[in-house]
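Let's take a friendly walk through a protein model. Have a look at the sequence and the 3D structure below, then read on.

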Amino acid sequence: MGLTPAAVSKHVQQLESELGVRLVHRNTRALALTAVGEMYFQRMSNLYSELRQLEQDVRHHGSEVGGRLRLTLPNGIGRNYFLPVLNEFSQLHQSLKLELHFEDRIVDLVRDGYDAGIGDQLAKDSSFVAKALLPLQRLVFASPAYLTRSGTPQTLADLDGHDCIRVVSQNSGRLMPWEFNDNGVLRRVEVEGRLTVNDPFAACEAALQGAGLAMIGTVQAYPYLATRRLVPLLTDFAPPPRSIYFYYAHRRHLSLPVRLLQDFLMVRMQKSMPPIFGDGYRWPA
C-alpha cells in the first residue's frame, strides 16, 4: 500500500477506537487477529470483493461482453424451453461464446468446470447460490381423443384401469411416481400402462397422439393447452410445485457474463411462465 508499518499501525488503532473493540492482539514478538478481528476481516473482505465486482459491472455497462460461458442444463427442458431463450441472450452479446451441456444428472459446478447451471436437481452444497426461474408442477394430461375413447377420470381411484404413460428418470433409473395432494396429504398412486419412456417430452408427445394419460410438467404441456390438444385432469389433486433454478458457485466468484445471464433469465422467464394450478390461472375452457 506504500505505507510504513507505523502508519498502518496508526490506522488500525484509529479503526479500533471508532469501533470500540480490539481487532489485533499485540506483543513484542508478533501480531494476531482477535476473534472479532477475524470476523471483521472476513466480512469486510466479502464486501470489498462485491464492491470491486460492482465497479467492474458499472465500468463494463453498455460495452460488449466477451469470453466463454459454460452452462449445464437438463436434456428435455434445456433443449425445448431454455435453448430459444439462451439464443436470444447470445444475440444480445455476440462476442460471448456459449458452451451448453445437456445432461440429466446432479452436477458439481466447480468439479466439472461449469460457470453456472439450470435445473431442478441441485447438489446439497451450501456454497451454491440458486435463483428460482420457473415453477415446475406435474399434473395428469390427456388428449380429447383418448378421453372420448376411455373416459375422463374424476377421482384418484379412477386411474385404475386407465392406460398410463410411465416415465423412467434418467438420473435414478427408477419410475417417476404419480403423486397427488389428497386433502393436504401427499399420496402416491401406483399406475399401470403399456408404454414406458425415459423422457417427459416423449410422454407428452405420446399423450398428444392419444396413447394414454401422462403425468408431466406444465412446462411440457403448456404449448398445447390453449388449443385443447391436451386437457388437464384431476386438478383438485394437484401436487405442490417445485422450481427450476439458475445456480452458480458463491457470489464472490460471480463473473460479469454469469451476472448478465442471471438478470436476463429472471426477466425473460417471467414473460413465459408456465401455469401453476391454484395460483389464479384459469385453464382454457
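Which residues are linked with Arg68 in a network of salt bridges? Arg70 and Glu99 are linked with Arg68 in that network. A salt bridge here is a side-chain nitrogen of Lys or Arg within 4 Å of a carboxyl oxygen of Asp or Glu.

This is a predicted model, where local features need pLDDT of at least 70, side-chain atom pairs count only at pLDDT 80 or more, and totals for chains, interfaces and linings use all residues. Residues are numbered from 1 along each chain as its sequence is written, and side-chain values use heavy atoms, with hydrogens and water left out.

**The whole chain**

- The protein chain has eight helices and 14 strands; helices (H or I, at least four residues) and strands (E, at least two) are DSSP runs, numbered from the N terminus.
- Of the 285 residues in the protein chain, 39% are buried. Buried means under 20% relative accessible area, exposed means over 50%, and partly exposed is in between (1.4 Å probe, protein chains only).
- Among contacts in the protein chain with a separation of 6 or more, 76% are between residues 24 or more positions apart; contact means heavy atoms within 4.5 Å.

**The nonpolar cores**

- The largest nonpolar core has 26 residues, and Ile77, Phe82, Phe246, Leu261 and Leu265 have the most contacts inside it. Such a core is a set of buried Ala, Val, Leu, Ile, Met, Phe, Trp, Tyr and Cys residues joined through side-chain atoms within 4.5 Å.
- At least two residues of this core come from each of β3 (67–73), α3 (75–92), β5 (116–119), β6 (128–136), β14 (242–249) and α8 (256–270).
- Helix α3 supplies the largest share of this core, six residues.
- Apart from this core lies another one, of 17 residues, including Ala142, Leu233, Leu234 and Phe237.
- Beyond its neighbours within four places in sequence, Ile77 is in contact with Phe82, Leu136, Phe201, Val219, Gln220 and Ile244.

**A closer look at helix α3**

- The buried residues of α3 are Asn75, Gly76, Ile77, Gly78, Tyr81, Phe82, Val85, Leu86 and Phe89.
- An α-helix has 3.6 residues a turn, so residues three or four places apart point the same way.
- At 1.5 Å a residue, the 18 residues of α3 should span 26 Å, and the 24 Å between its end C-alpha atoms agrees with this. The expected span of a helix is 1.5 Å times one less than its number of residues.
- Phe82 marks a kink of about 55° in α3, shortly before the proline Pro84. The bend at a residue is the angle between axes fitted to the seven residues ending there and the seven starting there.

**Charged pairs**

- Side chains of opposite charge can pair when their charged atoms come close.
- The whole structure contains 10 salt bridges.
- In the one between Glu99 and Arg70, the closest N and O atoms are 2.7 Å apart. Glu99 lies in strand β4 (residues 96–102) and Arg70 in strand β3, so this pair ties together parts that are 29 residues apart in sequence.
- Arg70 counts as buried because its relative accessibility is 15%, whereas Glu99, at 24%, counts as partly exposed.
- Glu88 pairs with Arg268 in another salt bridge, with the closest N and O atoms 3.0 Å apart. Glu88 is in helix α3 and Arg268 in helix α8, so the pair ties together parts that are 180 residues apart in sequence.
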